[in-house]
Amino acid sequence: MRAIGLMSGTSMDGVDVALIDTNGEAISAFGPTGYRAYTEDERALLRAALKEGAALADRTSRTPLMAKAEDLITRAHADAVELFLEKNGLTRADIGVVGFHGQTVLHRPDIGLTVQIGDGVALRQRLGIPVVYDLRQADVAAGGQGAPLVPVFHRALAAQKALPRPLAVVNIGGVANVTLIGANDELLAFDTGPGNALVDDWIAERTGERMDAGGAVAARGRADEALLAWLLVHPFFAKPPPKSLDRNAFAYSVVGTVATEDGAATLTAFTARSIARAADFVRERPALWIVCGGGAKNPELLRLLAEAARAEVRTGEDVGWSSDFLEAQAFAFLAVRSMRGLPLTFPATTGVKAPVSGGVIVE
């Protein structure tokens with residue numbers, strides 16, 4: 001089936017679009033990719049919705065501001081697909097399904113609550129293509145963490161390459177997660193801790209920029225080793241998987257009022273070391289870590305991860321993958337699995353008691 005996947009991550013920079021051909025088990029071909037950026041006003045609306053979302057007590061409630069943000073998310077994703085089809089000479093009839101993640105505004109599996117805004121029914125009506133959305137809820141309802149969802153796709157990717165096992169595949173978005181693929185292709189996956197969110201927020205407050213581009217600010221600073229030691233004692237890092245995090249589970253303010261460069265260095269090192277701690281939960285440490293997501297563009301973060309993990313670190317591009325569009329590709333893959341009733345999550349990826357399919361299908 002030819003499938004389009006859509007992803008709007010916790011960095012809230014825009015909508016990623018990716019096309020793949022797949023049966024939900026193997027990947028036949030990778031197609032083109034696309035991107036629809038959010039404007040500054042749109043990002044401001046989404047950030048405000050994220051703050052209001054933190055107070056939600058049920059997954060169907062929407063404040064007026066959140067309803068406005070949900071409409072924006074739906075329209076932006078529809079715009080992204082229509083532009084993508086036009087640019088690549090594709091028709092709606094060429095596409096079997098669209099995998100629509102939406103925008104996470106709250107993820108609290110500890111209380112059985114995960115909320116992604118975005119109207120899958122409205123998207124289906126506008127595009128005229130079947131849509132699969134709300135992909136996390138079934139897992140959470142069955143007692144799982146609802147995250148990470150991408151490990152089964154990571155395994156399909158790794159199957160295409162002669163990559164060494166055990167292997168670690170890391171996605172560094174706002175939150176970082178890892179898929180550990182064992183010698184017999186067994187999976188273990190979980191959120192490792194903060195990704196780009198802390199240093200992004202720190203840099204935004206201190207400089208007005210959206211991120212520490214290339215890790216340049218962090219590279220000029222000196223990490224606070226005492227603070228790092230204290231941060232890494234947080235019980236989350238010692239807790240056995242399954243485990244997942246909300247973007248706001250940690251706050252950049254922990255670094256206090258230090259110089260901008262030193263704060264960035266400390267927060268970047270915190271991310272790298274917390275990712276490396278993932279290897280504590282497997283018998284055989286990975287010799288290779290493949291990094292995807294926004295963090296793959298940060299050489300300082302990659303250097304610090306290699307140092308902390310005592311292993312080779314490569315980016316998705318280094319092995320022929322797309323770091324930028326991997327999650328969008330994953331949601332295309334997951335949408336096809338959902339259409340076929342195949343499981344999206346497993347006991348070793350989210351802690352759900354038995355493998356669970358998921359997603360709401362709008363045909």
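**Strand pairing, helices and loops in a predicted model**

Strand 1 and strand 2 form a hairpin with 6 residues between them, and Met12 in the turn has a positive phi of about 55°. The structure is a predicted model, in which local features need pLDDT of at least 70 and side-chain atom pairs count only at pLDDT 80 or more, while totals for chains, interfaces and linings use all residues. Residues are numbered from 1 along each chain as its sequence is written, and side-chain values use heavy atoms, with hydrogens and water left out.

Helices (H or I, at least four residues) and strands (E, at least two) are DSSP runs, numbered from the N terminus. Two strands are said to pair if DSSP finds at least two bridges between them. Strand 1 (residues 2–7) is joined to strand 2 (residues 14–22) by 6 bridges, and the two run antiparallel. Within this pairing, the bridge partner of Met7 is Asp16. Strand 1 also pairs with strand 4 (residues 97–100), here in the parallel sense and over 4 bridges; Gly5 stands opposite Gly99 in strand 4. Burial is expressed by relative accessible area (buried, under 20%; exposed, over 50%; partly exposed, in between; 1.4 Å probe, protein chains only). Strand 1 is largely enclosed by the rest of the structure, because 5 of its 6 residues are buried.

Helix 10 (residues 260–276) has 17 residues and reaches 24 Å from its first C-alpha to its last. This reach is close to the expected 24 Å, the expected span being 1.5 Å times one less than the number of residues. Since 14 of the 17 residues of helix 10 are buried, this helix is largely enclosed by the rest of the structure. Helix 5 (residues 151–159) is mostly covered, with 7 of its 9 residues buried; among them are Pro151, Phe153 and Leu157. Contact is defined as heavy atoms within 4.5 Å. The buried residues of helix 5 pack against several elements, including strand 3 (27–37), strand 8 (167–172) and helix 12 (326–340).

Two loop residues are in contact with each other. Asn196 is found in the loop between strand 10 (187–194) and helix 6 (197–207), and is buried, with a relative accessible area of 13%. Leaving aside neighbours within four places in sequence, the contacts of Asn196 include Gly173, Gly294 and Leu301. Gly173 lies in the loop between strand 8 and strand 9 and counts as partly exposed, at 22% relative accessibility. Beyond its neighbours within four places in sequence, Gly173 is in contact with Thr10, Gly195, Asn196 and Ala197.

Most residues other than glycine have a negative phi, and most peptide bonds are trans. Asp185, although not a glycine, has a positive phi of about 70°. This residue is placed in the loop between strand 9 and strand 10 and is partly exposed, at 28% relative accessibility. Arg310 has a positive phi near 50°, and counts as exposed at 66% relative accessibility.
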